[in-house]
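User: I have a chain here that I'd like to go through with you. Can we take it piece by piece?

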Amino acid sequence: MYRKDPRPRAAAPGAATPGDDGPPVWLITLVSSLAPLPLAVTGLPDLPGAMVFRSRRVEDGRERFRLHVGYFATEALAKSTLERVRDAYPTAFVEPAPDRG
């Protein structure tokens, strides 16, 4: 289970959010780590309508921490944005947003 940063964030008009009913939404995982990650990011281009947030979950008995940017309404939009963040985050990847309920 992911835990997002508890600070409220305003979504851009028309932005996808994981609580919406409808098709899946997508996010980009910038960094994954065994240690907690700071919310501050460097080298990220301007991404109107997207927000940076952290999550954590247990995988294979170990707690994993991740830094994400999202949410994106389509996989294609997430993948096109991924190309823009690759210089700063070469290991970033696109994935569906988890647990919409």
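Predicted model: local features only at pLDDT ≥ 70, side-chain atom pairs only at ≥ 80, totals over all residues.

User: What pLDDT does the chain average?

Analyst: The average is 80, and 74% of the residues score at least 70. pLDDT is the predictor's confidence in each residue, from 0 to 100.

User: And where is confidence lowest and highest among the elements?

Analyst: Lowest is strand S2 (residues 51–59), with a mean of 92. Highest is strand S4 (residues 93–96), at 96. Contact means heavy atoms within 4.5 Å.

User: OK, strands. How do S2 and S3 pair?

Analyst: In the antiparallel sense, over nine bridges. S3 covers residues 62–72. Two strands pair if DSSP finds at least two bridges between them. Met51 stands opposite Gly70 in S3.

User: What about the turn? Which residue takes a positive phi there?

Analyst: Asp60, in a hairpin with two residues between the strands. Its phi is about 50 degrees, although Asp60 is not a glycine.

User: Is Asp60 buried or exposed?

Analyst: Asp60 counts as exposed because its relative accessibility is 81%. The cut-offs: buried means under 20% relative accessible area, exposed over 50%, partly exposed in between (1.4 Å probe, protein chains only).

User: You brought up peptide bonds. Which residues does a cis bond join?

Analyst: Gly70 and Tyr71, with omega about 0 degrees. Tyr71 is in strand S3.

User: Switching to the core. Which residues touch the most other members in the largest one?

Analyst: Ile28, Leu30, Val85 and Ala92, out of 17 residues in that core. Strand S1 (26–33), S3 and H1 each supply at least two of its residues. S3 gives the most, with four. A nonpolar core is a set of buried Ala, Val, Leu, Ile, Met, Phe, Trp, Tyr and Cys residues joined through side-chain atoms within 4.5 Å.

User: What does Ala92 touch?

Analyst: Ile28, Thr29, Leu30, Leu82, Val85 and Arg86, not counting residues up to four places away in sequence. There is also a second, separate core of five residues, including Val25, Phe53, Tyr71 and Ala97.

User: Now Tyr89. Where does it lie?

Analyst: In the loop between helix H1 (75–85) and S4.

User: Why does Tyr89 count as buried?

Analyst: Because its relative accessibility is 10%. Tyr89 touches Leu30, Val31, Val41, Thr42 and Leu44, leaving out residues up to four places away in sequence. Tyr89 and Leu44 are 45 residues apart in sequence but 8.4 Å apart in space, C-alpha to C-alpha.

User: Last one: what share of the chain is buried?

Analyst: Buried residues make up 35% of the 101. Among contacts between residues at least 6 apart in sequence, 69% join residues at least 24 apart.

Terms used: Residues numbered from 1 in each chain as written. Heavy atoms only, no water.
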